[in-house]
Amino acid sequence: MMNDYTAILTKVRAMRSKLLTNEEIQNNLSLKKIEDIYQVLQKTEGYNRAARDASLTEFTPRTVIPIIHNGVYYTFLKLYRFASLEQRKVLKLYGIKYEADFIKKVVNNVLANKDSKIYFKGFTNYLEKSRHFDISRIESATTIDEVLDALNGTIYADFIEQNRSSLQETPIDSNVLNVKFDQFVAMYIWKRARHVFSEKELKQFKKYYGSFVDLINIESIYRLKFIYKMNPDEIRNYILPPSRQLDEAMIEELLQANNQLSFERVLRSMGYAEVIVNDKRTNDLRIEESEFLKDLLRFLVRSCRESMLPILEYLEDKQREATYLAQITENIGWNNVKPVEKEWV
């Protein structure tokens, strides 16, 4: 019997069968040059369309990695166009993570004294028609103020007004602003979720996204405390409202942790031991949420198969595929740089 999800879930299953695993990429012995990566992209779901649009004449990480990112956006758009009106509401909310990435890239380009035009052909059309972005103004912007003004009609207008003075500083404290922007995006999605998910979907989504928000807070506290040496009162200004496991008492424990070992002990007591990675080169603690969230979402999807959750799970897996392809591309590009040239990189 057909239901509202039969068609899109069938499509996702077909697309999922074409995902590349890390092992397949790693064990591909033909991947020795950037051109080899490009050939893989030309044959792989999503990236093939982005590769056709780009028409590359030189092959470097700087030219190929944008194709990888664009391939993820094309995959998202393919599902968005196929989805019903109700399903599109969920995808629009999920797609905010791509919008945020786009904004960061534009801002970083302007800060680096480059033009703000970024090649996202199909995705910029979506932003303009469905998300109220003024793409022509964004692409012609040469200053941060012009970028900010061009975003006035979007959901980011409130964030911009609240942080305009910080965004206009020279130099911009991009690390702290990134924390605040990521938090704004996370809270917007959290608040809007109840308007787009069914009751059953919402219950599972909140378990997943609650952990995601926890991890944003954990990483923010860690970075601001141990890297930027802020005091607990200053850090509290950057913490999102408590979510799944991270209640007020746990937040206080993290804020008062005297060293990284104490910080790690608190995380373990909360059930977040899996996100802890100790960097042996720097003796620093890193928070790696990707595998933790992947396993959690897979578990939650099992109890909500006829829903939007398997679609979101697929898009998350597509993003992981892209991240790994970009890493491999970076590694190959670096390994092909002559020793004398590496001194100048």
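Phe102 counts as buried, at 3% relative accessibility. Buried means under 20% relative accessible area, exposed means over 50%, and partly exposed lies in between, with a 1.4 Å probe and protein chains only. Before I go on, this is a predicted model: local features need pLDDT of at least 70, side-chain atom pairs count only at pLDDT 80 or more, and totals for chains, interfaces and linings use all residues. Numbering runs from 1 along each chain as its sequence is written, and side-chain values use heavy atoms, with hydrogens and water left out.

Back to Phe102. This residue lies in helix H7, residues 96-111. Helices here are DSSP runs of H or I with at least four residues, strands are runs of E with at least two, and both are numbered from the N terminus. What does Phe102 touch, not counting residues up to four places away in sequence? The list is Phe120, Phe123, Thr124, Leu127, Phe133, Ile135 and Ile138. A contact means heavy atoms within 4.5 Å. For scale, take Glu24: 78 residues from Phe102 in sequence, and 29 Å away in space, C-alpha to C-alpha.

Buried or exposed? Gly95 counts as buried, because its relative accessibility is 0%. Its C-alpha is separated by 33 Å from that of Pro232, 137 residues apart along the chain.

Phe123, one of the Phe102 contacts, also belongs to an aromatic cluster. The members are Tyr73, Phe76, Tyr80, Tyr94, Tyr98, Phe123 and Tyr126. Rings of Phe, Tyr and Trp (its six-membered ring) pair if their centres lie within 6.5 Å; planes under 30 degrees apart are stacked, over 60 edge-to-face, and the rest tilted. How many aromatic pairs does a search of the whole structure find? It finds 25.

Tyr80 of that cluster has Arg88 over its face, at 4.7 Å from the ring centre. The criterion is NZ of Lys or CZ of Arg within 6 Å of the ring centre and within 35 degrees of the ring normal. Elsewhere, Lys206 lies over the face of Trp190, at 5.3 Å from the ring centre.

Helix H1 covers residues 6-16. Its buried residues are Thr6, Ile8, Leu9, Val12 and Met15. They pack against H5, helix H6 (85-94) and H18. Take Leu9. Its relative accessible area is 7%, so Leu9 is buried. Outside its sequence neighbours up to four places away, Leu9 touches Arg305, Glu306, Ser307, Pro310 and Ile311. Ser30, by contrast, is 21 residues from Leu9 in sequence but 33 Å away in space, C-alpha to C-alpha.

Next, helix H3, residues 34-42. The buried residues of H3 are Ile34, Asp36, Ile37, Tyr38, Val40 and Leu41. Which helices do they pack against? Helix H4 (47-54), helix H5 (61-82) and helix H18 (309-335).

H5 carries Thr75. At 1% relative accessible area, Thr75 is buried. Leaving aside neighbours within four places in sequence, Thr75 is in contact with Met15, Glu45, Gly46, Tyr314, Leu315 and Lys318. Met15 is also among the buried residues of H1.

On to a helix pair. The axes of helix H13 (residues 199-227) and helix H16 (residues 260-269) come within 12 Å and cross at roughly 170°. So H13 is roughly antiparallel to H16. Axes are lines fitted to C-alpha atoms, for helices over the stretch in contact, with angles from 0 to 180 degrees between N-to-C directions. Under 35 degrees is roughly parallel, over 145 roughly antiparallel, 65 to 115 roughly perpendicular, and the rest oblique. H13 contributes Ile218, Ile221, Tyr222 and Phe226 to the contact, and H16 contributes Gln260, Phe263 and Leu267. By class, that is 6 nonpolar, 1 polar and no charged residues. Ala, Val, Leu, Ile, Met, Phe, Trp, Tyr, Cys and Pro count as nonpolar; Asp, Glu, Lys and Arg as charged; the others, Gly among them, as polar.

Last, the backbone. Most residues other than glycine have a negative phi. His132 has a positive one, near 65°. Where does His132 lie? In the loop between helix H8 (121-131) and helix H9 (135-140). His132 counts as exposed, at 56% relative accessibility. Lys229 also has a positive phi, near 55°. Lys229 lies in the loop between H13 and helix H14 (232-236), and counts as exposed at 63% relative accessibility.
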